[in-house]
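Here is a report on a two-ligand protein model. Please read it with the sequence and coordinates open.

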Amino acid sequence: MKANLLKEYQLRVCCIGAGYVGGPTMVVIANHCPDILVNVVDIDQRKIDGWNCKDFKNLPVYEKGLESLLRKTRNKNLFFSNNVSEQISKADLIFICVNTPTKKNGVGAGKASDLKWIELCARQIAKYAKTHTIVVEKSTVPVKTAEVIEKILNQELINSNKTFSVLSNPEFLAEGSAIKDLENPQRVLIGGKDKKSLDLLSSIYSRWVEPKKIITTNLWSSELSKLTANAFLAQKISSINSITSLCEKTGAEINEVANAIGTDPRIGKEFLSAGPGFGGSCFKKDILNLSYLCEYYGLKEVADYWYGVLKINIWQQKRISNLIIDKLNGTVSDKKIAILGFSFKADTNDTRESPAIDICLNLLEEGANLAIHDPKVETHQIKKEFNERNYNESSKWIYSSNINEVINQSYAVILITEWAIYKQLKWKELVKTMIKPAWIFDTRMVINEVELIDANINYWRIGNKINSSSSNII
Ligand code: UDX
Ligand code: UDX
């Protein structure tokens, strides 16, 4: 600990990266540890301005419970700035929370993680740190990344009084429940070799996490556990999604199957909700990364096994788009289609890898006119996602925050994200404004079927073969 700062704070923490992981994690640490000074830095000035916004209305991350914790800590023991070098030089412990996207070019393009930001952070830490500094890798990284960080840091050891200790402390929070997950984690995983540093980081978490939930391992186990955890979770979703198509053909119901198998604790009931496929910044990237690592180590069969999880996910989205086109008499050209939900899941404003992107683009390619609603996502974000997939046409889609307007005069409604407000829609009234024969495609099984009886609507629900004879629900 830097001696001159001990009077004020027990410890000075710096976090590089004020994104979905860095921001909420530091808010929770600052709240539980008023004696620790937490400085969050980011190269993106807009993000920092967002975290510092006066009225708390433009925070870069939307998470339940975040605002109230931020109100208690911001500008007390929690600060956001772009003074990267200064805050590194003052820190005892630095969390690296930068993004690690899939590489776009060069060796491993499309599969391996791009570690350029991690490297950049390590170089900045090597340059600006003053004395002993603990460097905590929180970003999800391939196994052995800590070795790269150590090598870069060790360059600076010669002829200086700097020393470094590297720890791995992957984050398991899920977006939408970040604060709950951070407040009450199932486990905190810390990997490292240096006992003193391991103990120090454990002591921060132990302010609010039961000691038995704090697991310590070697560096490589910790790094690999994060990739493996995400791969297992994604595998569970692909497994249940693969069964949806069989249900639709046979008359079995996916929810009944999920309930029946989930009662076996070896399978577990969590993460068995069928849907349009997993999205988010992690699952796809981490599976690609895991299968790339397996290939790198000559384990082709293992690589193929994990890649299969992603293949099912891509297939599920394509299958849904094709089925919509098929039900709309083989053409959606110039038909208005309403899209309900664009974020990758409910309760977040994050659209990264959202299944809505590919489903929308498949329909746009077929000439559909889309009207998109989402309670937390706005036009510029949707545009960014489309542009990143090389779709730049802006006259074929609109965003509206008014659900009635989105549905009015549409041929079909596609529910893609399970936002709570969509569960309360009054379909009898809404359907009256649609073009007949009207369709509802429910990819998340959230629409209340009772609401649809007598609504004069054709209805498709994922993982169900709905019989048309008993009602006008097809
Ligand atoms: C995190 C993890 O760190 C990533 O490895 C994991 O797989 C997903 O979750 P996340 O917080 O979601 O990433 O990323 P993002 O919201 O993009 O935030 C990263 C931030 O780091 C951005 O605000 C970016 O501006 C910042 N950054 C990036 C820096 O401040 N410095 C850099 O050198 C690079
Ligand atoms: C995930 C992991 O859950 C978390 O532990 C890790 O730290 C980061 O990656 P996140 O991506 O935020 O978190 O959300 P998650 O709740 O896991 O959902 C991912 C995707 O899977 C979403 O698109 C969601 O809709 C989908 N999903 C999830 C399903 O389709 N069915 C399910 O049963 C669960």
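## Ligand sites

Helix α5 (residues 116-128) contributes three residues to the shell around ligand 1, the most of any element. Helices here are DSSP runs of H or I with at least four residues, strands are E runs of at least two, and both are numbered from the N terminus. The model is predicted: local features need pLDDT of at least 70, side-chain atom pairs count only at pLDDT 80 or more, and totals for chains, interfaces and linings use all residues. Residues are numbered from 1 along each chain as its sequence is written, while chains are lettered from A and ligands numbered from 1 in the order in which they are written.

The shell around ligand 1 holds 22 residues. Gly-17, Gly-19, Val-21, Ser-139 and Thr-140 come nearest. A residue is near a molecule if its C-beta atom, placed from the backbone, lies within 6 Å of it. By class, this shell has eleven nonpolar, eight polar and three charged residues. Ala, Val, Leu, Ile, Met, Phe, Trp, Tyr, Cys and Pro count as nonpolar, Asp, Glu, Lys and Arg as charged, and the others, Gly among them, as polar.

Ligand 2 has 19 residues around it. The nearest are Ala-174, Glu-175, Ser-273, Phe-278 and Gly-280. Helix α9 (residues 219-250) supplies the largest share, three residues. The shell around ligand 2 divides into eleven nonpolar, five polar and three charged residues. Ligand 2 lies between domain 1 (2-217) and domain 2 (218-474), because both give residues to its shell.

## Domains and their contact

The protein chain splits into domain 1 (2-217) and domain 2 (218-474). These bounds come from an automatic or database domain assignment. The domain centres, taken over C-alpha atoms, are 33 Å apart. The contact draws 27 residues from domain 1 and 27 residues from domain 2. Two residues are in contact if their C-beta atoms, placed from the backbone, lie within 7 Å.

On the domain 1 side, the elements giving two or more residues are α6 (145-155) and β7 (188-192). Strand β7 gives the largest share, four residues. The residues on that side comprise twelve nonpolar, ten polar and five charged.

Strand β7 also pairs with β8 (residues 214-217): the two run parallel and are joined by four bridges. Pairing requires at least two DSSP bridges between the strands. Val-188 stands opposite Ile-214 in β8. From β7 the chain passes through helix α8 (residues 195-205) to β8, in a right-handed β-α-β crossover. Right-handed means that, with the strands pointing away from the viewer, the path from the first strand over the helix to the second runs clockwise.

Most residues other than glycine have a negative phi, and most peptide bonds are trans.

| Residue | Phi | Loop |
|---|---|---|
| Lys-144 | about 85 degrees | between β5 (132-137) and α6 |
| Glu-353 | about 55 degrees | between β9 (336-340) and α13 (355-365) |
| Gly-367 | about 95 degrees | between α13 and β10 |

Burial is a C-beta count: a residue is buried if 20 or more other C-beta atoms, placed from the backbone, lie within 10 Å of its own, exposed if 12 or fewer, and partly exposed in between. Lys-144 is exposed, because it has 12 such neighbours. Glu-353 is buried, with 20 neighbours. Gly-367 has 12, so it counts as exposed.

The peptide bond from Lys-436 to Pro-437 is cis, with omega near -5 degrees. Pro-437 sits in the loop between α17 (427-432) and β13 (439-442).

Which residues are buried in α13? They are Pro-355, Ala-356, Ile-357, Asp-358, Ile-359, Cys-360 and Leu-363. Their cover includes α12 (300-327), β9, β10 (369-373), α14 (379-388) and β12 (412-415).

Just after α13 comes Gly-367. Leaving out residues up to four places away in sequence, Gly-367 touches Val-332, Ser-333 and Asp-334. Gly-367 and Gln-424 are 57 residues apart along the chain, and their C-alpha atoms are separated by 30 Å.

Leu-246 belongs to helix α9. With 12 other C-beta atoms within 10 Å, Leu-246 is exposed. Leu-246 and Asn-464 are 218 residues apart in sequence, yet 9.0 Å apart in space, C-alpha to C-alpha.
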